[in-house]
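Start with the charged pairs, then turn to the loop.

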Amino acid sequence: MQKAFEEDQAQWDCVNTKYKQKKRNYKNSGVVVLADLKLHRVHSFLDYIMGGCQIHCTVAIDFTASNGDPRNSCSLHHINPYQPNEYLRALVAVGEVCQDYDSDKRFSALGFGARIPPKYEVSHDFAINFNPEDDECEGIQGVVEAYQNCLPKVQLYGPTNVAPIISKVARMAAAEELTGAASQYYILLILTDGVVTDMSDTREAIVRASHLPMSIIIVGVGNADFTDMKILDGDDGALRSPRGEPALRDIVQFVPFRELKNASPAALAKCVLAEVPKQVVEYYSHKQLPPRSLAAHAGGPGPGSAP
């Protein structure tokens with residue numbers, strides 16, 4: 001078809017073999033004319049990763065009082081040297097998969113809903129290593145250690161506000177968007193034990209973030225009623241801001257950990273991260289950005305590339 005189109009011969013007779021046998025003067029039953037031809041290459045998630053796109057992960061941990069006193073064995077934040085709590089299990093299972101897509105394997109690790117030193121004022125986006133200049137930890141093990149060191153130093157409080165952390169990651173994603181290249185995509189992993197308090201602000205923040213190179217994964221820890229959280233996961237139709245503006249893309253995946261706590265780490269990670277590859281491709285396709293390795297070849301897909 002491409003060759004015929006280039007040679008201005010892109011038309012073909014529609015021939016009915018029965019008519020052709022019966023009618024001596026039969027030529028055709030019509031003509032198919034190819035008026036226009038464009039090749040559009042659909043890139044895969046791996047095309048972007050292999051092209052040099054980095055996945056940057058931020059972990060946000062819920063330090064609100066509803067988790068229970070960490071000194072109590074019933075607390076979701078209880079540290080037992082022989083049995084990791086649900087926060088640690090979810091963090092390790094998902095984080096170990098995420099870090100395979102990140103060359104420096106450094107995670108931003110934030111907390112929300114606690115009173116923090118030195119003044120013990122409530123914060124909704126503090127670095128759990130208490131270094132606001134560099135909130136990154138070395139690998140998932142670094143996040144685990146920072147979390148364990150942080151717990152005794154903070155006072156669990158509230159409310160459960162997640163919009164500040166979504167907005168914080170969105171600011172980094174907005175700066176990345178200005179580069180006009182498929183170089184960095186942001187994943188925000190929120191681990192929480194309950195329904196968010198600032199639902200209106202959260203919806204607004206998610207709708208704004210849907211225009212940026214980022215995805216949000218919310219893992220519900222514990223046995224709370226997470227019905228409202230499923231509203232944020234746009235599987236039942238586009239999430240809308242309080243003003244009625246629809247999200248450009250579905251960027252939120254909600255997973256109740258209790259349904260997967262007995263699954264293997266691989267099964268948990270697969271479920272939690274299932275939508276991320278599609279979300280990455282949707283964003284860069286919408287922006288018409290090819291993988292970075294192909295962007296250098298401005299002539300479009302080369303010979304042998306799959307349209």
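Which residue forms a salt bridge with Asp134, and how far apart are the closest N and O atoms? The partner is Arg106, and the closest N and O atoms lie 3.2 Å apart. Keep in mind that this is a predicted model.

**The Asp134 pair**

Asp134 has a relative accessible area of 32% and is partly exposed. Arg106 has 18%; it counts as buried because the cut-off for that class is under 20%.

The pair does not stand alone. Arg106 and Asp134 are linked with Glu136 and Glu138 in a network of salt bridges.

**Other salt bridges**

The structure holds 10 salt bridges.

| Salt bridge | Closest N and O atoms |
|---|---|
| Glu7 with Lys3 | 3.0 Å |
| Arg71 with Asp69 | 2.8 Å |
| Asp134 with Arg106 | 3.2 Å |

Consider the Glu7 and Lys3 pair. Glu7 is partly exposed, at 41% relative accessible area. Lys3 reaches 57% relative accessibility and is classed as exposed, because that class begins over 50%.

Now take Arg71 and Asp69. Arg71 is exposed, with a relative accessible area of 73%. Asp69 is partly exposed, and its value is 35%.

**Pro159**

Where is Pro159 found? Its place is the loop between β9 (155-156) and α6 (163-177). Is Pro159 buried, exposed or partly exposed? Its relative accessibility is 38%, so Pro159 counts as partly exposed; that class lies between the 20% and 50% cut-offs.

Which residues does Pro159 touch, leaving aside those up to four places away in sequence? They are Thr64, Gly113, His124 and Thr197. Leu239 gives a further reference point for Pro159. The two residues are 80 residues apart along the chain, and their C-alpha atoms are separated by 23 Å.

**In brief**

Lys3 and Arg71 are exposed. Pro159 is a partly exposed loop residue.

Technical notes: Residues are numbered from 1 along each chain as its sequence is written. This is a predicted model: local features need pLDDT of at least 70, side-chain atom pairs count only at pLDDT 80 or more; totals for chains, interfaces and linings use all residues. Side-chain values use heavy atoms; hydrogens and water are left out. Helices (H or I, at least four residues) and strands (E, at least two) are DSSP runs, numbered from the N terminus. Buried means under 20% relative accessible area, exposed over 50%, partly exposed in between (1.4 Å probe, protein chains only). Contact means heavy atoms within 4.5 Å. A salt bridge is a side-chain nitrogen of Lys or Arg within 4 Å of a carboxyl oxygen of Asp or Glu.
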